[in-house]
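Hi,

Here is the structure I promised to hand over. Have a look around first, and then read on for what I found in it.

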Protein chains: 2
Amino acid sequence: MIWPAMTASRITVLAGGVGGARFLQGLVDVVAPESVTVIGNVGDDVELYGLHVSPDLDTVLYTLTGWHDEARGWGVRGDTARALERAARLGAEAWFRLGDLDLGLHLARAERLGRGESLSAATAALGHALGLRLRLLPATDDRLRTMLTTPAGELDFQTYYVRRRHADPVSAIRFDGAEEARPAPGVLEAIAEADLVAVAPSNPFISIAPILAVPGMREAVAARRERVVAVSPIVAGAALRGPAAAMLRSLGHPVSPVAVARLLADVAGCLVVDRADAALAGDVEAADVRAAVTDTVMRDGRARRALARAVLTAGGLPA
Amino acid sequence: MIWPAMTASRITVLAGGVGGARFLQGLVDVVAPESVTVIGNVGDDVELYGLHVSPDLDTVLYTLTGWHDEARGWGVRGDTARALERAARLGAEAWFRLGDLDLGLHLARAERLGRGESLSAATAALGHALGLRLRLLPATDDRLRTMLTTPAGELDFQTYYVRRRHADPVSAIRFDGAEEARPAPGVLEAIAEADLVAVAPSNPFISIAPILAVPGMREAVAARRERVVAVSPIVAGAALRGPAAAMLRSLGHPVSPVAVARLLADVAGCLVVDRADAALAGDVEAADVRAAVTDTVMRDGRARRALARAVLTAGGLPA
């Protein structure tokens, strides 16, 4: 691999779970992983059996260290579920599937948090132990939880997403705890000092918005707006995965990269849209966001690398 | 099995871990399990990775439901340790071995405690799920922890027992939290209403004393003294297992059933001693405790049943 000019460029990526992790896989194939800082979403975090679980951070961690179960789309490759099946047989709720190896990570994290370590320090230690080469930072070390208003009432994220299979129409979203949260150490610096800030093709409402909801974050990213390149998670009127399309609809937006451009216009100077949406480039630019058109669907390693290069190019970096 | 007269007798047993559980195995072979209430030690309880672990209660639970790993002497038959090995590889401490199936029970308990259930309610629910037929009550639902003074400083029980393999001489023992602890619901009634209160052949310092340390317990058992039959865990100058002999020595007592009689004289009217110690019966009785001599070593099911019958007889019940 050759990245002569890139070793000096610092890239910061705002990322949710699977879409964010896939984008990062392509990125670390074309730039030095050590030059990449990921600011991860913690709005999905959940306490299960008293253990703090950070599904989005863990998806990045597992994907970038080869442990993600690609076939299943979640959890750890080759995992078993003896502990959780036993707990279920003993009457515990088990709708959030935790495999045994995955549980091992949650135990290790719990031990660290239990002795007073911050989530970012625990994340760094777990990343180091798994051989993660990029820097993974939670947006905040403080408690911030995505809450969704649905006809069934206000639901916490995992109840909405996993337990009820994101089948409820969402009429409002808030981030519990956001007002008191502070950016984790290093987060504001990683935004201020980056040569490029990328917004991964993650759900704008439940992956990116909770990151920007930490006081000071939206302003910090907006201050770098001309260096911020977002990738649309909406392609040809549909979401690549998850409930982004349904959410756009139920929250009164068109299911289109144009809606993504409008939602991110204050923080992103450029939006990468798929060739399938090339005709919408003018509408994106009408939202005062530059449009860059390329293939965005990350079917394989080659497609992921091409998307990463397109983002670098859109941000004015060599690719 | 025939227990015509026994179905009406209520038996309450104060018990620690393995010795207590073995005694109970014999007892439920000769009386209806439903007539037995066990008051279990929680001084060994420990928080691991934020999970509440109750080793003595769990040993009773697993032994009486056929899940105890007899060959290994702890944990669950056929268990694996994928989660804990993973946690260890990710930097966590793993000196207290928790298998995956065992962890499942701790997760189920954590879920119940996390939603505000008491330890006794959680224990009852787990017992029910595993098919436990006797009634297992923790001595207290409150926090009570056995702390041991050693040349290495004051150690919590599991650090002393598991981590440091009970190799440190013990010069003092206290029960942290005991002053504020209250007997768990049903405990005082089970003592007051029992036709026989048995003290299992468990370590008097670290299994029985922490039960009696809950305010009101010692008085409640003492009030039934003529119906209390204890079994000596010391046979022929040695402990059947664990550090009881070393503790007697380091705390200034002879390693003898006579010391056990003196330690329990205020609560037990009768001490069952092994035939090997028959010559000490007079010294036991000099401590104002009736001596009953029989074979007490629980080599197999037959020996366990014979010991249970000897305890019933010593307590004046049909056997």
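Helix 2 of chain A, residues 55-64, is mostly covered: 10 of its 10 residues are buried. Here "buried" stands for under 20% relative accessible area, "exposed" for over 50%, and "partly exposed" for what lies in between (1.4 Å probe, protein chains only). The buried residues of this helix run from A:Pro55, A:Asp56 and A:Leu57 through A:Asp58, A:Thr59, A:Val60 and A:Leu61 to A:Tyr62, A:Thr63 and A:Leu64. After helix 2 of chain A comes A:Gly66, with a positive phi near 80 degrees. Helices (H or I, at least four residues) and strands (E, at least two) are DSSP runs, numbered from the N terminus.

Before you go further, please keep in mind that this is a predicted model: local features need pLDDT of at least 70, side-chain atom pairs count only at pLDDT 80 or more, and totals for chains, interfaces and linings use all residues. Residues are numbered from 1 along each chain as its sequence is written, chains are lettered from A and ligands numbered from 1 in the order in which they are written, and side-chain values use heavy atoms, with hydrogens and water left out.

A:Gln158 sits in helix 6 of chain A (residues 157-163) and is buried, at a relative accessible area of 3%. Leaving aside residues up to four places away in sequence, A:Gln158 touches A:Asp44, A:Val46, A:Pro55, A:Trp95, A:Phe96 and A:Arg163. Touching, or contact, means heavy atoms within 4.5 Å.

What caps the N-terminal end of helix 11 of chain B? B:Ser256 does, with a side-chain oxygen 2.8 Å from the backbone nitrogen of B:Val258.

Next, the salt bridges. Side chains of opposite charge can pair when their charged atoms come close. The rule asks for a side-chain nitrogen of Lys or Arg within 4 Å of a carboxyl oxygen of Asp or Glu, and a search of the whole structure finds 38 of them over all chains. Some to look up:

- A:Asp266 and A:Arg218 pair at 2.6 Å, N to O. A:Asp266 is in the loop between helix 11 (257-264) and strand 13 (270-274) of chain A, and A:Arg218 is in helix 9 (residues 217-222), 48 residues apart. A:Asp266 is partly exposed at 35% relative accessibility, and A:Arg218 is partly exposed at 30%.
- B:Asp168 and B:Arg164 pair at 3.0 Å, N to O. B:Asp168 is buried, with a relative accessible area of 13%, whereas B:Arg164 is partly exposed at 36%.
- B:Asp295 and B:Arg275 pair at 3.3 Å, N to O. B:Asp295 lies in the loop between strand 14 (290-294) and helix 13 (301-314) of chain B, and B:Arg275 in the loop between strand 13 (270-274) and helix 12 (281-286), so the pair ties together parts 20 residues apart in sequence.
- A:Glu111, A:Arg112, A:Arg115 and A:Glu117 are linked in a network of salt bridges.

Finally, how do the chains meet? In the interface, 30 residues of chain B are in contact with 30 residues of chain A. The area buried between them is about 2600 Å², with 63% of it from carbon and sulfur atoms; buried area is the accessible area (1.4 Å probe) that two parts lose on being put together, summed over both. On the chain B side, B:Arg82, B:Arg86 and B:Leu90 lose the most area to chain A, together 29% of what that side buries. Two salt bridges are counted between the chains. A:Asp79 forms a salt bridge with B:Arg82, the closest N and O atoms being 3.7 Å apart.

Chain B can be laid on chain A with an RMSD of 0.0 Å by a turn of 180 degrees and a shift of 0.0 Å along the axis, which is the relation of a two-fold axis. The copies were superposed by least squares on the C-alpha atoms of residues with pLDDT of at least 70 in both. The same surface serves both copies, as 100% of the contact residues of chain B recur in chain A.

Enjoy exploring!

Key: A polar contact is a pair of N or O atoms within 3.5 Å; within protein, one must be able to donate a hydrogen and the other to accept it, and residues adjacent in sequence count only if both atoms are side-chain atoms.
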